[in-house]
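Thanks for coming. I will take a few minutes to walk through one structure, sheet by sheet, and then stop at some single residues.

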Amino acid sequence: MKDKKIYSKVRKIFLAFSIILLVVVTIQMFGTCIIRFLCGKYIDTKIKDVVQKELCNLTTESEKIQVLSKWFKDNIDYVQLNDIFFNLLRNSWCGVPPEITFAMKKGRCGEWASLYLKLLKYTNMTGRIVNFVEDHEIVEVLINNTWVPVEPSGGISSYGYYKTSRNISKAYAIEENGRIKDVTVNYADTGFLIIKVRKENMFIQNAKICVLSKYLMIANPQQYKEPKLAFCNFTDEFGIHVEELGKGIYKIEVLKFNSPFECQTVSVDNYTLLPNNINEVTLEVKEENPFSCFIKFIIEQLNKPIF
């Protein structure tokens, strides 16, 4: 009899734990998708109401941007990195869409940019998100046929501000149709990096080159333990790849597969790229052992997009 009671308690504890785990997993995977599906239209109406209320007497685009940014600063909080619940939502299947950011009244730079773009939608202004490799996103607004950088909570900025106050390796504009445009030259003092890959004095074509920015690791070592990927690309038929990058310190990695068990690699750390200059580096690849090649081949396949 006593054993049955113990078994019953253990079963109830296990069942409660399973339910809690299921709820947590559901929130992490589909939480924002469910909320957006159930409440998206209602929240969207509220967003539209805010825009109409705030901008009702304004005519110029600059005035509208400044008022929207003031509303943003007064109403949307910045989420700290240790916010567990928000991190669960952020890693869900749908991420944190602008409707959820508006409802929760908080987010990080990525969520701020998405919500600001949503607000712009109801002003009949054209905008796009600009993503910096160094963990930041802003919005660009088209004013008088010119793209102008805008910080959601700070209003209209300038390209010069980013060139003098930040180290940016790559900046990508993501337009409404999903097209991605490299806009690094607007935000950073750039230089050209010419990468040549060879083996035994023969240049290697179709070698995969990945360049990683180490700026954040150096500037904030407590928070950033790994370099940030700036870009990946492949060498041409002459074994060369040319890329325009912002000044900084980089790690360069090269990987060339001949088969899943045969590959060549090389890595250069702490490469300093100078602005307004042509920087050339020649990398001599070496053979990897078959087991290491196979592991890298599997990782490459897993990292490939499904669609």
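This is a predicted model: local features need pLDDT of at least 70, side-chain atom pairs count only at pLDDT 80 or more; totals for chains, interfaces and linings use all residues.

Where does Asn-145 lie? Asn-145 is in the loop between β4 and β5. The phi angle of Asn-145 is near 65°, a positive value in a residue other than glycine. Asn-144 is found in that loop between β4 and β5 too, and its phi is near 50°, also positive in a residue other than glycine. As background, most residues other than glycine have a negative phi. Asn-144 has a relative accessible area of 66%, so it counts as exposed, because the word applies to values over 50%.

One of the pairs to look for is Asn-131, whose bridge partner in β7 is Tyr-172.

Next, the loop between β5 and β6, which holds Ser-153. Ser-153 has 27% relative accessibility, so it counts as partly exposed. Leaving aside residues up to four places away in sequence, Ser-153 touches Ser-69, Phe-72, Lys-73 and Trp-112. Ile-138 is 15 residues from Ser-153 along the chain, and the C-alpha atoms of the two are separated by 9.9 Å.

On to the other open sheet. Here 5 strands are arranged in the order β12-β11-β14-β15-β17, with antiparallel pairing. The edge strands, each pairing on one side only, are β12, residues 228–234, and β17. Helix α9 packs on this sheet, in contact with β11, β14 and β15. What angle does the direction of α9 make with that of β14? The angle is about 105°.

Taking the strand pairs in turn, β11, residues 208–213, pairs with β14 over 6 bridges in the antiparallel sense. Within that pair, Leu-212 has Lys-251 of β14 as its bridge partner. Strand β14, residues 248–259, then pairs with β15, residues 262–273, over 10 bridges, again antiparallel. These two strands form a hairpin with 2 residues between them, and Phe-257 stands opposite Cys-263 in β15. Finally, β15 pairs with β17, residues 286–287, over 2 bridges in the antiparallel sense, where Gln-264 has Glu-287 as its partner in β17.

Last, the surface. A nonpolar patch of about 700 Å² is made by Phe-261, Phe-291, Phe-294, Ile-295, Ile-298, Ile-299 and Leu-302. Which helix does Ile-298 lie in? Ile-298 is in α9, residues 290–303, the helix that packs on the sheet of β11, β14 and β15. Ile-298 is partly exposed, with a relative accessible area of 35%.

That is the tour; I will take questions now.

Methods:
Residues are numbered from 1 along each chain as its sequence is written. Side-chain values use heavy atoms; hydrogens and water are left out. Two strands pair if DSSP finds at least two bridges between them. Helices (H or I, at least four residues) and strands (E, at least two) are DSSP runs, numbered from the N terminus. Patches are made of residues with over 30% relative accessible area and no salt bridge: like charges are joined within 9 Å, nonpolar side chains (Val, Leu, Ile, Met, Phe, Trp, Tyr) within 5 Å. Accessible areas come from the Shrake-Rupley method with a 1.4 Å probe; for residues, only the protein chains shown count as cover. A salt bridge is a side-chain nitrogen of Lys or Arg within 4 Å of a carboxyl oxygen of Asp or Glu. Buried means under 20% relative accessible area, exposed over 50%, partly exposed in between (1.4 Å probe, protein chains only). Contact means heavy atoms within 4.5 Å. Axes are lines fitted to C-alpha atoms, for helices over the stretch in contact, and angles run from 0 to 180 degrees between N-to-C directions.
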